[in-house]
Amino acid sequence: MAEEFNTEGMLDMYLFENTQLLERLQDIVLEKKDEEYFDEDSINEIFRTMHTIKGSSGVMMFDEITAIAHKLEDVFYFLRESHPQNVPHLELVEHVLEVSDFIMGEMDKLQNGDAADGDASEMLKNLDAFLTNLKGGGGGKDGATTGGAAAENKHEEPKQFYIAPMATNASHFYKIYITFFPETELANVHAYKVVYSLKEVAEDMLYQPEDIISDEDSAEEIIENGFKILLQAQIGEEELRKMIGIGYDIKQVDIVECSAQEYQRGFDSFGSEIRIDLDSSVEEIQEKAVNAEKLAEKKQEKKIAPGDFVIQKEPGKSKKLAKDKPKKAEKTTFISVDVSKMDMLMDLIGELVISESVVLQNPDLKVPGLKLDNFNKAAAQMSKISTDLQNVIMSMRMVPLTNTFQKMNRIVFDVSRKLGKDIEFEMVGEHTEVDKNIIEHISDPLMHMVRNAVDHGIETKEEREAAGKSDRGKVTLAAKTEGGKVWISVQDNGKGLDRNKIMEKAKKQGILDEGRSESSYTDKEVYQFITLPGFSTNEKVTEYSGRGVGMDVVVQNIQSMGGTLEIESMPGQGSTMNLKIPLTLAIIDGVVMEVGASSFVMEASVVKEFVSVTDDMMIHEPSGEEYVMIRGACYPVLRLGEWYHMNGYHTEVEDGMMVIVEIDGETMCMFVDRLVGKQEIVVKPIPSYVKKVKGLSGCTQLGDGSIALILDAAGLIK
């Protein structure tokens with residue numbers, strides 16, 4: 001039957017569902033990797049995950065994925081049924097992750113329009129050998145034997161879909177009625193997945209509607225009328241329920257064991273045992289009945305007999321009509337949206353903000369004596385709606401860091417195993433939400449930082465013993481939000497950075513400033529040397545470090561997002577890398593200022609205050625540096641006009657304005673000609689053909705149509 005239908009329309013759903021399953025699978029495995037064994041719940045969940053992936057992959061005709069998923073399912077079937085002792089846990093973890101990586105890699109190919117052509121034969125051999133070893137040395141719980149090996153979890157493709165009925169004394173006959181949630185997409189595919197999983201135990205099986213794959217309209221019928229199955233098999237009802245399961249797609253499963261005579265009557269035997277949905281109102285039930293009749297006429301099928309459905313009544317309780325039932329709380333529904341469409345919507349919101357500024361700051365509105373009371377009221381309402389719209393779209397784009405952090409957990413596990421180090425990985429604040437674009441930009445920097453901590457930071461077991469430390473190293477990945485920024489830190493309890501070694505390497509590479517003594521460099525400045533291209537203190541090049549690339553990539557990526565990286569270290573105690581980046585890259589609150597004929601914007605969160613100063617408050621150093629005394633505090637002064645070699649700017653401080661800027665604990669005064677005001681700024685990247693200029697992070701369009709450059713406070717201070 002597989003050759004009779006086209007799977008093209010089901011691919012998106014297949015990829016979406018299995019990606020979620022594999023992410024959950026990896027979470028479970030990494031959470032339990034430091035335990036002695038998988039607990040019963042974890043074993044069952046991994047078994048169900050592999051069973052589902054095997055079934056859906058079989059439907060989609062991805063043979064290699066089906067085979068490897070089935071083989072791993074065999075392993076966990078044996079663990080679930082036989083409870084063997086002395087299972088090599090870490091080896092099992094590696095097998096599960098290897099299978100997960102293979103399936104994810106195949107799905108990446110499918111996502112890109114390529115064929116799933118991977119070869120799983122080597123993994124199949126390894127899993128076969130692992131399972132054989134388990135069966136050879138597995139004992140029961142508490143040392144007791146299992147009383148015989150578990151039945152083999154066989155998977156054989158039948159030559160035809162239906163198996164001729166061969167009832168024995170051990171055969172059971174079941175009537176199964178499955179109800180799907182109304183919002184379930186491709187219900188016919190989900191129904192087929194159930195059929196596909198049941199056919200392994202079926203002696204005979206029929207289902208209605210029959211054409212669930214070739215007829216797309218069957219999805220609508222399944223949602224309206226449910227999915228009926230007649231099954232002859234040698235399994236109990238409890239195991240049957242486990243095989244079908246109830247998830248985000250299946251709302252309810254009714255299973256009734258019947259006699260062989262009722263089974264032979266076919267779907268006419270479906271009667272009082274099957275119940276209707278009591279959660280719906282009378283009007284909804286009537287509407288469903290009308291729709292069902294229309295669908296039945298369309299397909300020229302016979303109508304359902306009145307006795308096919310009755311209200312389920314619990315013993316000892318009065319019958320409750322649907323109209324008397326309190327209305328069920330509205331169920332939250334989710335849809336998946338292409339990220340490119342979200343980006344397009346965000347761009348349109350940005351254009352809306354710019355257009356709003358153009359309207360509200362139009363020069364035509366500045367005519368003296370013009371009454372604009374009604375206009376101002378309408379403008380205020382429009383601004384409110386615009387702001388609410390921004391907040392909604394921003395919240396839609398915010399996603400938690402959980403998956404990104406779990407990837408780092410996997411990297412720590414893999415690298416530590418290859419390097420022979422025992423390392424504990426801790427996640428703090430992994431549910432912190434940031435913009436989707438930020439997530440995409442920080443994955444590579446975090447990977448380099450975590451690898452650096454594992455390879456450079458954490459010592460070997462022998463080195464830790466010699467230093468009087470515990471055998472196990474620790475890497476902590478933490479995140480929090482504060483002041484419109486997200487703070488991410490990677491901390492290790494290793495040997496820390498060696499200032500002398502870094503200085504020696506910097507001296508060899510000619511990085512140090514001429515005429516400046518080594519002692520004048522602060523620890524913070526010295527530690528920043530490791531972020532320079534080609535700088536590495538590792539004498540030996542390994543798979544993970546020593547080539548002098550990695551940390552410079554981190555800094556480049558972070559700076560492209562308007563973020564900063566700080567490194568702290570205590571010799572012998574460990575290091576901490578603090579990454580600070582904006583929560584979003586799209587729309588910010590900015591302070592607009594002018595210097596000469598040019599406009600600049602500074603992010604409002606870093607501006608402390610504006611101060612008018614007099615000439616007697618200024619301090620002029622012989623070297624040319626300037627400082628200003630404000631309320632007893634001395635701040636360095638940066639004249640923006642001089643910094644960018646502009647023309648027509650004010651030179652007398654009394655003619656301009658000092659903007660006090662603070663970032664990362666450092667403060668300075670920026671001298672500008674005048675302040676324009678505060679407004680929402682749509683951040684646009686500086687075109688690639690413009691040479692990168694220190695202190696600039698982007699550009700924007702103002703309300704009068706002019707272009708303003710966005711200042712990067714970190715680039716100006718440092």
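Reader: What should I know about the model before we start?

Author: It is a predicted model, in which local features need pLDDT of at least 70, side-chain atom pairs count only at pLDDT 80 or more, and totals for chains, interfaces and linings use all residues. Residues are numbered from 1 along each chain as its sequence is written, and side-chain values use heavy atoms, with hydrogens and water left out.

Reader: What is the strand order in the open sheet of 5 strands?

Author: The order is β6-β8-β9-β11-β10, and the pairing is mixed. Strands here are DSSP runs of E with at least two residues, helices are runs of H or I with at least four, and both are numbered from the N terminus. Two strands count as paired if DSSP finds at least two bridges between them.

Reader: Which are the edge strands?

Author: They are β6 (423–428) and β10 (564–570), each of which pairs on one side only. On average, neighbouring strands of this sheet are turned by 15 degrees against each other, direction ignored. Such angles run from 0 to 180 degrees between N-to-C directions, with axes taken as lines fitted to C-alpha atoms, for helices over the stretch in contact.

Reader: How many bridges join β9 to β11?

Author: There are 8 bridges between β9 (residues 485–492) and β11 (residues 574–582), and the two strands run antiparallel. Val 490 has Met 577 in β11 as its bridge partner.

Reader: Which strands does helix α13 lie across?

Author: Helix α13 (residues 402–419) lies across β6, β8 (473–482) and β9, and runs at about 175 degrees to β6. Helix α14 (residues 436–457) lies across β6, β8, β9, β10 and β11, at about 20 degrees to β9.

Reader: At what angle do α14 and α18 cross?

Author: Their axes cross at roughly 150 degrees and come within 9 Å, with α18 covering residues 551–560. That makes α14 roughly antiparallel to α18; the classes are roughly parallel under 35 degrees, roughly antiparallel over 145, roughly perpendicular from 65 to 115, and oblique for the rest.

Reader: What is the handedness of the crossing of α14 and α18?

Author: The crossing of α14 and α18 is left-handed. The term applies if the near helix is turned anticlockwise from the far one by less than a right angle, while clockwise gives right-handed.

Reader: Which residues meet there?

Author: On the α14 side they are His 441, Asp 444, Pro 445, His 448, Met 449 and Asn 452, and in α18 they are Met 551, Val 553, Val 554, Asn 557, Ile 558 and Ser 560. Contact here means heavy atoms within 4.5 Å.

Reader: Changing topic, how many salt bridges are there?

Author: The count comes to 25 salt bridges, each being a side-chain nitrogen of Lys or Arg within 4 Å of a carboxyl oxygen of Asp or Glu. One of them joins Asp 128 and Lys 71, at 2.8 Å from N to O.

Reader: Where do Asp 128 and Lys 71 lie?

Author: Asp 128 is in helix α5 (residues 121–137) and Lys 71 in helix α3 (residues 63–82), so the pair ties together parts that are 57 residues apart in sequence. Asp 128 is partly exposed at 34% relative accessibility, whereas Lys 71 is buried at 16%. Buried means under 20% relative accessible area, exposed over 50%, and partly exposed in between, using a 1.4 Å probe and protein chains only.

Reader: What about Glu 594 and Arg 674?

Author: Glu 594 and Arg 674 form a salt bridge whose closest N and O atoms are 2.6 Å apart. The pair links distant parts of the chain, 80 residues apart: Glu 594 is in strand β12 (residues 587–595) and Arg 674 in strand β20 (residues 674–682). Glu 594 is partly exposed at 23% relative accessibility, and Arg 674 is partly exposed with a relative accessible area of 35%.

Reader: And how far apart in the helix are Asp 388 and Lys 384?

Author: They are 4 residues apart in helix α12 (residues 373–397), about one helical turn.

Reader: How many residues of strand β1 are buried?

Author: In β1 (residues 172–180), 8 of its 9 residues are buried. Strand β1 is joined by 7 bridges to β3 (residues 227–233), running antiparallel, and Ile 178 stands opposite Phe 227 in β3. A further 8 bridges join β1 to β4 (residues 250–258), also antiparallel, where Tyr 174 has Glu 257 as its bridge partner.
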